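Let's take a friendly walk through this structure together. Have the sequence and the 3D view at hand.

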Amino acid sequence: MKKILYVFLFFLLISSNVFSQDSRHRTHETVVADVLAQLPSVDKEKFNKSMSELALDGKESIKILNRLFVPYSEGNNSSIEYAISGLVSFVTSEGNDKYKVGVREGLRSAIKECSFIEGKAFLITQLQLCSEYEDIDVFIDYVNDDKLASYAINAIINTNGSERVIMDLVRKNGASPVSLAYAVREKRLTEAESYLLALAAKKLNTEERKMIYSALGVCGTEKSMKLLSVNSVRDYLVLLKNLSLTSSSKKVMSEAKKLMKNDNPYIRSNAAEILIIASNGNVKKELFSAMKDESREYRVAFLDFMYPYMTDEKYDYLSDNFGKFLPEAQEDYIKMLGHYEVESQKDFLIQTVRESKDSTVVSEAIIALGNFEGGDVVEVLISNIGGQYDSAAYKALSCSKTDISKGILSVLENGNKMSVISALRLASAKRIKEASDIVFKLLSSNDNDIRKTAYSSLYGVVTENDIKRISEMVNATEVYTVDIQKAFESAIKTLNKDRAYEITVSQMQLTENRAFYYPVLSSIGTDKAADKLIEEFNEGKNKEKALSELINMNNSSIIDFLYDVIDDRAFSSNSVVNRYINLIKDSKMSYAEKYKRLSDISSLDCSEDIKKNILLALTAIPTENSFNMAVLYLNDESVSYQAAMTVKQIASNKLSVIDYSNLKSGLEKAMKIYEKSGQADDIYAIDEIKKILNVSKPVELFVLSDEEKKLGFEVLFDGTDLSKWEGDTLGYKAVNGAINVSAEYGNSHNLYTKEEYSDFIFRFEFCFKTPAVNNGVGIRTPKDVDAAYFGMCEVQILDHDHAAYKGIAEYQTHGSVYGIIPAKRIKHKPLGEWSTEEIKVKGDHITVTVNGEVILDGNVREACGGHNVSHDNSDKNPYTADKRNHPGLFNKKGHISFCGHGTGIAFRNIRILDLNKK
């Protein structure tokens with residue numbers, strides 16, 4: 001259908017600058033309908049463009065969308081809600097404030113006009129997101145509505161400047177106690193305290209009382225303390241904390257101290273926080289008591305709450321009394337010092353490590369020291385590796401911010417066995433490259449444990465400068481081959497892959513143990529590395545090792561090699577075949593090539609594991625051949641369930657076009673397998689298969705009637721073949737005997753006949769599958785232009801009875817020659833039913849017949865008095881119905897097109913009689 005022109009009201013309301021943003025000249029109803037046809041959209045740019053179109057006249061957009069709203073029991077409003085919420089999001093985004101006024105005005109009206117609760121609730125929430133003080137009156141109308149009160153109150157709360165309105169409601173008891181208390185709490189209105197206290201004295205239900213107590217806890221004063229202390233301890237704690245933040249009231253501190261004696265750790269901990277805040281951390285006595293308290297939960301909470309108020313003096317106080325605390329409390333204090341990196345207590349922690357008799361305390365102190373910097377810290381930590389506290393020292397040194405290399409090197413040269421072993425591990429973990437010479441030296445240690453650790457640590461200390469001496473070790477030992485390989489890979493890691501490959505190959509040529517470098521080549525992973533491994537395989541000395549590393553590579557260049565290996569059978573294995581399949585699945589091959597290769601593999605005597613992998617790969621190839629191949633596996637009990645899943649998934653893919661007899665047979669077998677299996681989700685799979693079969697029922701190929709054959713009609717679309725068409729063949733697909741449309745609006749989204757026509761009779765059938773369908777037939781049009789203006793014309797295809805098109809001009813109804821001659825308004829068949837249409841064009845005369853009824857019969861030249869363009873070369877043409885120029889109106893010849901305008905319509909049985917040939 002033609003992209004409909006803005007009516008004169010548009011010119012009154014919108015400036016010329018805004019007008020220029022819509023080159024399609026559509027009415028606002030069509031703008032809205034076009035946007036709905038494109039939603040939901042995952043393309044952010046397209047989505048924002050759609051929303052900007054709605055925002056041009058936000059008030060009108062909301063008005064039209066609201067007319068489309070239906071009670072939830074009568075229809076689906078998801079696209080409407082998506083459009084409204086998207087529009088609100090758009091106008092509240094940075095830079096779009098200028099559009100907000102119209103949207104707010106539209107929402108205010110829509111809320112009042114909407115006739116059902118769910119719709120009103122949704123609209124209230126949307127207005128809330130963009131509301132200003134002037135909108136509050138709309139919300140107030142619903143604060144006493146049982147079903148909408150919560151929405152209204154939330155909207156009022158979230159509107160700036162609503163405090164005075166809420167207080168007015170409180171004073172007048174203008175809403176339920178729950179709503180009022182909730183609003184007061186959320187806005188923290190201390191001035192409402194007396195009203196809440198008065199309410200609390202009345203007879204209330206449990207919900208009302210709880211909300212009032214909660215509100216008093218948030219915005220009350222000392223006046224509320226007595227009431228809450230008796231009735232709600234949790235809200236009392238909230239109140240006391242709020243009071244402690246604003247004053248150091250002795251009463252607050254006294255109440256906090258009382259609550260700290262409670263048996264409940266939660267109450268005690270929160271009371272402690274209140275006391276600490278109210279006293280500004282002056283709780284030396286309570287701090288000491290907390291450190292001696294048996295409850296770890298309370299003790300740790302007290303320390304955490306105290307941290308903002310801790311001073312060096314307070315830390316020294318706790319450190320001086322450290323020995324008076326239980327070991328568990330000592331651990332908590334040490335953890336605090338480490339977590340907050342209390343620099344003033346570093347010496348205390350060092351002293352604790354050296355003097356404490358409790359091993360757990362010492363371990364915690366060592367770990368805490370790992371957060372501090374300094375040579376003195378490193379010295380203490382280094383001194384503890386290899387001994388009783390090796391694990392803690394290793395952990396601390398691993399995360400140390402201080403350079404530990406000097407200490408590690410010293411231990412490697414002079415330490416005892418256990419400390420050397422830990423130092424080796426740390427040198428590798430911390431990548432201490434200066435240690436490489438010593439580590440290489442320790443590879444020859446007489447101590448087996450040191451030697452073993454040195455080899456396993458080598459990878460962390462080597463650089464590219466060590467490549468030569470690593471290579472010299474290749475033939476020296478077979479015990480530590482993996483460690484040496486890791487070291488070599490680490491040494492070349494900083495090099496680019498080409499340089500790494502060159503070095504690796506050069507070293508391979510210097511040794512008979514070439515297989516040593518195979519894992520290195522595999523890790524490099526380039527085509528050259530793959531080719532070298534294939535070369536090594538072909539030479540025959542280390543076939544199995546070379547093949548083992550090849551199948552570890554994720555490189556599609558080895559696909560043909562693997563196929564040859566599989567074909568040869570001598571070295572073929574499940575791992576080889578599965579790697580081959582996985583590489584095919586992930587490759588950029590065409591579907592046809594992937595299918596061919598998988599088909600070849602399937603002919604082998606495959607294991608269950610390979611069969612399942614083949615089926616998994618077929619799932620990603622949505623073709624009829626893949627479907628038929630997967631069907632064959634349905635008879636194999638070992639993989640029948642996987643085959644059923646694959647068959648279903650291929651059939652459900654929108655790209656799949658499968659012969660119905662094969663589709664039906666395969667899916668029915670799959671359904672039986674699901675029925676037999678009886679797993680939890682199988683019922684959904686069965687339902688999905690039934691839906692696929694239902695929508696895929698075949699139709700017979702369209703053939704001309706005997707009468708049409710005699711007249712000389714030609715079939716342009718028989719249900720399967722689009723070979724006589726070109727253009728947007730992605731947006732127009734042949735499925736189940738019809739052309740199904742998903743094309744968006746635009747000259748590049750049209751479908752054109754390959755032939756051009758002058759005089760003709762064009763017949764087809766159309767079906768509206770969704771509401772508000774919008775399309776059209778371009779007549780005598782060039783390609784890639786707007787057929788309504790640069791073609792002879794565009795004949796409307798429009799669901800004109802839909803509310804989205806209420807108020808359209810006569811020349812915009814279905815069958816009209818857009819902008820030139822209006823058609824008789826018809827009543828369309830229900831969604832899903834097919835209608836027939838014929839368009840006859842002869843010279844300047846055009847006739848449109850729908851379901852046997854002539855709805856337009858006119859001459860385009862006569863309709864515009866021979867003036868298809870304005871006489872003064874302006875944009876306004878007083879002779880046409882839409883007051884626009886139509887430069888192509890008198891075209892003698894051109895293509896016939898379907899003008900894409902969104903999804904929801906299908907065409908079938910398309911044929912044409914070329915009257916010029918006749």
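We will look at a pocket and then at a sheet.

This is a predicted model, in which local features need pLDDT of at least 70, side-chain atom pairs count only at pLDDT 80 or more, and totals for chains, interfaces and linings use all residues. Residues are numbered from 1 along each chain as its sequence is written, and side-chain values use heavy atoms, with hydrogens and water left out.

The second largest pocket holds about 470 Å³ of space. On a 1 Å grid over the protein atoms alone, a pocket is an open set of points where a 1.4 Å probe fits, with protein on both sides within 12 Å along at least five of seven lines; lining residues have an atom within 4 Å of a point. Its lining has 21 residues, with Leu-36, Ser-79, Pro-771, Ala-772 and His-802 nearest the centre. Helix 3 (28–37) and helix 6 (78–91) each give at least two residues to this lining, and helix 3 has the largest share, 4 residues. Helices here are DSSP runs of H or I with at least four residues, and strands are runs of E with at least two.

Now turn to the open sheet, where 5 antiparallel strands follow the order 2-5-12-7-8. Strand 2 (725–727) and strand 8 (793–798) are at the edges with a single partner strand each, so one side of each has no neighbour in the sheet. Two strands pair if DSSP finds at least two bridges between them. Strand 5 (residues 750–753) and strand 12 (residues 895–899) are antiparallel and joined by 3 bridges; Tyr-752 has Ser-897 of strand 12 as its bridge partner.

Conventions
Points joined across faces, edges and corners; volume = space filled by probe spheres on them.
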